[in-house]
Amino acid sequence: MRLFVGLPADVVSCDGAAVSRPRAIKAGLRALKLLGVDGVELPVSWAVVQPGSEERFEWTGYLAVAGLVRDAGLSLRVSLLTHGRGATLPDEVVDASAEPVPDPVTTASDTVAGAHTTNTESIADSGTTLRDTALPGWVADALAADPDILFTDRSGNRRKECLSFAVDDLPVLAGKSPLQAYEAFFRSFADAFLDFLGSTVTDVTVSLGPDGELRYPSYPPGCDRADGYAGDGEFQCYDKHMLARLKQHADSSGRPLWGLAGPHDAPRYDDPPESSGFFRGSWQTEYGSFFLSWYAGELLAHGDRVLAAATRVFFGKQIELSAKVPFLRRRSRPAEATAGLHGGYGQVAEMFARHDCTVLVSGTMDAVAGSEAEEVLAQIKDACTEHGARLAYENASLVVATDGAGPAGVWGGLLTADRTRPCHLTYQRMGAEFFSPDHWPLFVQFARDLEFPEEAHEDDLPADGGQLAPLSGRVEQGAEKEAQLA
C-alpha cells in the first residue's frame with residue numbers, strides 16, 4: 001500500500017506563478033522522504049490555472065512544485081480540481097499570524113535523535129490562500145448570465161461549488177461546453193507535465209462533482225461534507241436544465257405528469273432523518289422508482305462523460321487515473337438517494353472499472369463512526385472487487401493519527417484488513433498543525449504502524465506486475481545527517 005500526504009492547499013500562489021514558502025515546502029518534503037512516505041498530493045485549482053476564457057494556462061508554480069517533489073525523490077499525485085473553492089479542507093490552512101511551526105526535518109530527526117530547532121518560514125505563513133477561490137472568473141461571468149447552470153434545490157438556493165450535470169454538453173461557457181472546458185484543462189496539464197508523467201507524477205485525480213466527489217450537493221448550503229450532517233439532504237434537480245431533462249425522460253416513459261418537478265413530499269435539509277413522506281413510503285412506488293433511477297442515472301452519466309474525457313487525454317501516459325466517491329459514514333438509503341447513489345456503489349464501481357479508474361473514497365473515519373462506517377467501506381470494496389476496480393482512500397482531516405483509538409487510529413485496522421484494504425491512502429494535509437509537536441510524532445508512529453508483512457496483496461501490484469516496496473518508517477543515519485545539513 002502506498003502512502004501519500006497532501007501538500008498545503010495554498011502551496012502555489014493565487015496567480016499560479018510561484019511556490020508559496022518554498023523553503024518550508026522543501027523541508028517538509030525531506031521529512032516525509034526520511035520517514036518513508038511514498039509521495040505527496042498536489043491540489044491544482046482550475047481557477048488559478050485558467051483565470052480567463054482564452055486558451056492560456058499558468059502552470060509555472062505547479063511545475064516548480066513538481067520539480068521540488070522530483071528532487072526530493074517522492075512520487076506526486078495530482079488532483080485536477082474543476083469544482084469551486086480551489087482545494088477543500090480549509091481548516092488545515094491557517095492565516096499569516098500563526099506561530100512558526102517546528103522545522104519538519106529537524107522534528108523528524110528529533111523523533112530518532114532528540115534534536116530540536118525552529119524554522120522561521122512556516123508552512124502556514126501565507127497571506128493568500130485558495131480557501132476563497134471559486135470557479136474561474138470567466139465561468140462566474142457565465143453564471144451571472146445564466147444562474148440555471150448551477151444546481152438548485154426546491155427552495156431556489158443555488159449551489160456555487162460546481163456546475164449542474166445537465167449542462168455538460170451545452171455551450172454555456174463562452175461558447176464552450178463544460179466538458180470541452182474540462183478536457184482542455186486536462187490536456188493542457190498533460191502537455192505541460194509531459195516530462196513528469198509516468199516518473200514523478202504517478203497518479204492523476206479528476207473532479208466529478210462537489211468537493212471533487214461523484215455526488216450531488218445534497219447537503220445544506222455551507223456544508224461541504226457529510227461528516228457533520230445527519231439529515232437526508234435535498235434533491236438537486238430544480239435548475240431549468242435538470243427539469244428539462246426530467247421532463248424529457250418522463251415524456252419518453254409515457255408519464256408526462258411525472259416530469260413537472262421533483263417529489264412533492266421530498267425531505268428538507270432540517271427534517272429529521274428518514275421522516276419525509278417520500279422516504280416513509282412513496283419512494284417505493286412506481287413513481288419513486290422512476291424518479292430515483294433517473295436521478296441516479298444522471299449522476300452516472302455525468303461521471304461517465306468526465307472520465308471518458310480524462311481517458312482520452314491520459315490514455316497511454318503511464319499514470320493511474322482516479323476520481324472520488326463520497327464516504328457516507330452511516331448507512332442511510334435516503335442520504336445515498338439524495339446524493340445520487342440510489343442502488344449503492346455497484347454501478348459506480350462498474351463505470352470506474354470501464355475507464356480503468358481507481359475509486360477514491362473520500363471522507364473522515366474516526367472512533368465515533370464505529371462499525372457501521374466500516375461496513376460501508378467493506379461494501380464499497382466488495383463492489384470494486386466484483387467489477388475489477390481499484391480502491392483507494394483519502395481522509396478529510398488529521399483525525400487519522402489523533403482519533404484516540406490507538407497509535408494508528410481507526411484507519412490502522414481498515415488499512416490492514418483484507419475486507420477494507422486499499423491500494424493507497426492520501427493523508428490530508430500538510431500545514432502548521434500537521435508538523436506541530438502535538439501531531440507530527442503521532443503521524444510518524446502512524447506511518448510506522450502501517451508497515452506490512454512481506455506477502456504481497458493483489459491490490460498493491462502495479463499494472464506491469466511488479467511489486468511495490470512496503471512503507472518503511474526507518475530513517476537511515478546517513479540520510480538523517482544529510483537532512484540536518486541541508
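Trainee: What should I know about the ground rules?
Mentor: Residues are numbered from 1 along each chain as its sequence is written, and side-chain values use heavy atoms, with hydrogens and water left out. As the model is predicted, local features need pLDDT of at least 70 and side-chain atom pairs count only at pLDDT 80 or more, while totals for chains, interfaces and linings use all residues.

Trainee: Thanks! How many helices and strands are there in the chain?
Mentor: The chain has 14 helices and ten strands. These are DSSP runs numbered from the N terminus, with helices (H or I) of at least four residues and strands (E) of at least two.

Trainee: And how much of the chain is buried?
Mentor: Buried residues are 59% of the 486 in the chain. Buried means under 20% relative accessible area, exposed over 50%, and partly exposed in between (1.4 Å probe, protein chains only).

Trainee: Let's look at helix packing. How do H1 and H13 sit against each other?
Mentor: H1 (residues 22-35) packs against H13 (residues 440-449) at an angle of about 35 degrees, and their axes are 11 Å apart. The axes are lines fitted to C-alpha atoms over the stretch in contact, and angles run from 0 to 180 degrees between N-to-C directions.

Trainee: Which residues make that contact?
Mentor: H1 brings Ala31, Leu32 and Leu35, and H13 brings Trp440, Phe443, Val444, Ala447 and Arg448. Contact here means heavy atoms within 4.5 Å.

Trainee: Switching topic, how do E4 and E5 pair?
Mentor: Strand E4 (residues 150-152) and strand E5 (residues 158-163) run antiparallel and share three bridges. Strands count as paired if DSSP finds at least two bridges between them. Phe151 stands opposite Arg159 in E5. The hairpin has five residues between the strands, and Gly156 takes a positive phi near 90 degrees there.

Trainee: What about Asp148, is that buried or exposed?
Mentor: Asp148 counts as buried because its relative accessibility is 16%. Asp148 lies in the loop between helix H5 (137-145) and E4.

Trainee: Which side chain does the side chain of Asp148 make a polar contact with?
Mentor: That of Arg158, at 3.0 Å. A polar contact is a pair of N or O atoms within 3.5 Å; within protein, one must be able to donate a hydrogen and the other to accept it, and residues adjacent in sequence count only if both atoms are side-chain atoms. Not counting residues up to four places away in sequence, Asp148 also touches others, including Tyr238 and His241.

Trainee: Where does Glu183 lie?
Mentor: Glu183 is in helix H6 (residues 178-192). Leaving aside neighbours within four places in sequence, Glu183 is in contact with Ala309, Arg312 and Val313. Glu183 and Arg312 are 129 residues apart in sequence, but 8.5 Å apart in space, C-alpha to C-alpha.
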